[in-house]
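Here are my notes on the model, point by point. Please keep the structure open as you read.

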Amino acid sequence: MDKKELLKIANDAIKSRFSGSDINRSKLLQENPELQKDGAVFVTLRQKGNLRGCIGSLVAHQPLLDDLIYNAKAAAFKDPRFQPLGEEEFKTTDIEISLLSTPTELEYKDREDLKKKIRPNIDGVVLKLGANRATFLPQVWEEIPEFDLFFAHLCQKAGLRAAGCLESHPTILTYQVEKIE
């Protein structure tokens with residue numbers, strides 16, 4: 001399947017909110033049977049390089065087509081950090097899709113061991129401690145390339161204190177993405 005087709009589907013999913021038309025799922029599945037396989041995808045929206053929405057699934061739990069459509073609409077209209085995307089605004093919005101591999105737990109002894117094992121710009125990271133959980137896609141390393149700052153922000157995103165968070169030895173999972181833009 002042409003990966004650019006995934007961008008078109010995400011674009012059409014968002015556009016369907018403005019036009020009131022539905023995506024022809026059966027035609028897409030007939031033309032691209034691989035979209036029936038379960039897949040996990042994040043959809044990131046940007047305007048002039050600035051984040052405008054980002055929603056996704058960490059684990060494949062539904063057909064890739066459904067996950068892509070749902071997360072494209074959610075990034076545009078349900079990201080709690082932003083107002084719903086307007087039709088005029090959508091015309092200047094860039095879409096990026098990240099196809100995720102299955103997250104795997106990363107065993108580590110302490111902060112220094114974690115620092116040696118994490119691969120900036122390659123690994124997406126899930127941090128879990130108790131009921132708190134957050135993730136950063138590998139692309140976030142481009143914006144926050146320093147290990148301590150990256151994890152301080154990730155801990156805050158999870159609702160934990162930035163200082164000393166890693167000393168609590170949270171569970172860390174890593175995954176990789178295939179980025180399509």
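1. Cys165 sits in the loop between α7 and β7. The model is a predicted one. In it, Cys165 has a relative accessibility of 4%, so the residue counts as buried. Its contacts, leaving aside residues up to four places away in sequence, are Leu127, Cys155, Leu160 and Pro170. Ala152 is 13 residues from Cys165 in sequence, and the two C-alpha atoms are 7.5 Å apart.

2. Which cysteine does Cys165 pair with? The partner is Cys155: the two form a disulfide, with 2.2 Å between the sulfur atoms. A disulfide is a covalent bond that joins the sulfur atoms of two cysteines. Cys155 belongs to helix α7 (residues 147–157), while Cys165 is in the loop that runs from α7 to β7 (171–175). The two cysteines are 10 residues apart, and the pair links distant parts of the chain. Both cysteines are buried.

3. What is the handedness of this disulfide? The torsion about the S-S bond of Cys155 and Cys165 is about -85 degrees, so the disulfide is left-handed. Searching the whole structure gives 1 disulfide.

4. The cut-off for a disulfide is a sulfur pair within 2.5 Å. Cys54 has a relative accessible area of 17%. That is under the 20% limit, so Cys54 is buried.

5. Ala75 is in helix α3. Its relative accessible area is 1%, so Ala75 is buried. Ala75 touches Val43, Leu45, Arg52, Gly53, Cys54 and Ile55, with residues up to four places away in sequence not counted. Glu181 is 106 residues from Ala75 along the chain, and their C-alpha atoms are separated by 15 Å.

6. Helix α3 also packs against another helix. Two packed helices are described by the angle between their axes and by the distance between those axes. For α1 (residues 3–19) and α3 (residues 64–77), the angle is about 50 degrees and the axes are 9 Å apart. That makes α1 oblique to α3. The crossing of α1 past α3 is right-handed.

7. Which residues make the contact between α1 and α3? From α1 come Leu6, Ile9, Ala10, Ala13, Ile14, Ser16, Arg17 and Phe18. From α3 come Leu64, Leu65, Leu68, Ile69, Ala72, Lys73, Ala76 and Phe77. By class, the residues of this contact are 13 nonpolar, 1 polar and 2 charged.

8. Back to helix α7, which holds Leu154. Is Leu154 buried or exposed? Its relative accessibility is 0%, so Leu154 counts as buried. Not counting residues up to four places away in sequence, Leu154 touches Val125, Leu127, Ala134, Thr135 and Phe136. Leu127 is also among the contacts of Cys165. Arg17 is 137 residues from Leu154 along the chain, and 32 Å separates their C-alpha atoms.

9. Two residues deserve a look for backbone geometry. Most residues other than glycine have a negative phi. Lys48 has a phi near 50 degrees, a positive value in a residue other than glycine. Lys48 is in the loop between β1 (41–47) and β2 (50–56). With a relative accessible area of 83%, Lys48 is exposed. Asn121 also has a positive phi, near 70 degrees, and is likewise a residue other than glycine. Asn121 lies in the loop between α5 (111–117) and β5 (124–129).

10. Asn50 is in strand β2. Its relative accessible area is 52%, so Asn50 is exposed. Glu89 is 39 residues from Asn50 in sequence, with 13 Å between the C-alpha atoms.

11. Last, Asp113 in helix α5. Is this charged residue buried or exposed? Asp113 is buried, with a relative accessible area of 12%. Asp113 touches Glu107 and Tyr108, again leaving aside residues up to four places away in sequence.

Terms used. Residues are numbered from 1 along each chain as its sequence is written. This is a predicted model: local features need pLDDT of at least 70, side-chain atom pairs count only at pLDDT 80 or more; totals for chains, interfaces and linings use all residues. Side-chain values use heavy atoms; hydrogens and water are left out. Helices (H or I, at least four residues) and strands (E, at least two) are DSSP runs, numbered from the N terminus. Buried means under 20% relative accessible area, exposed over 50%, partly exposed in between (1.4 Å probe, protein chains only). Axes are lines fitted to C-alpha atoms, for helices over the stretch in contact, and angles run from 0 to 180 degrees between N-to-C directions. Angles under 35 degrees count as roughly parallel, over 145 as roughly antiparallel, 65 to 115 as roughly perpendicular and the rest as oblique. A crossing is left-handed if the near helix is turned anticlockwise from the far one by less than a right angle, and right-handed if clockwise. Contact means heavy atoms within 4.5 Å. Ala, Val, Leu, Ile, Met, Phe, Trp, Tyr, Cys and Pro count as nonpolar, Asp, Glu, Lys and Arg as charged, and the others, Gly among them, as polar.
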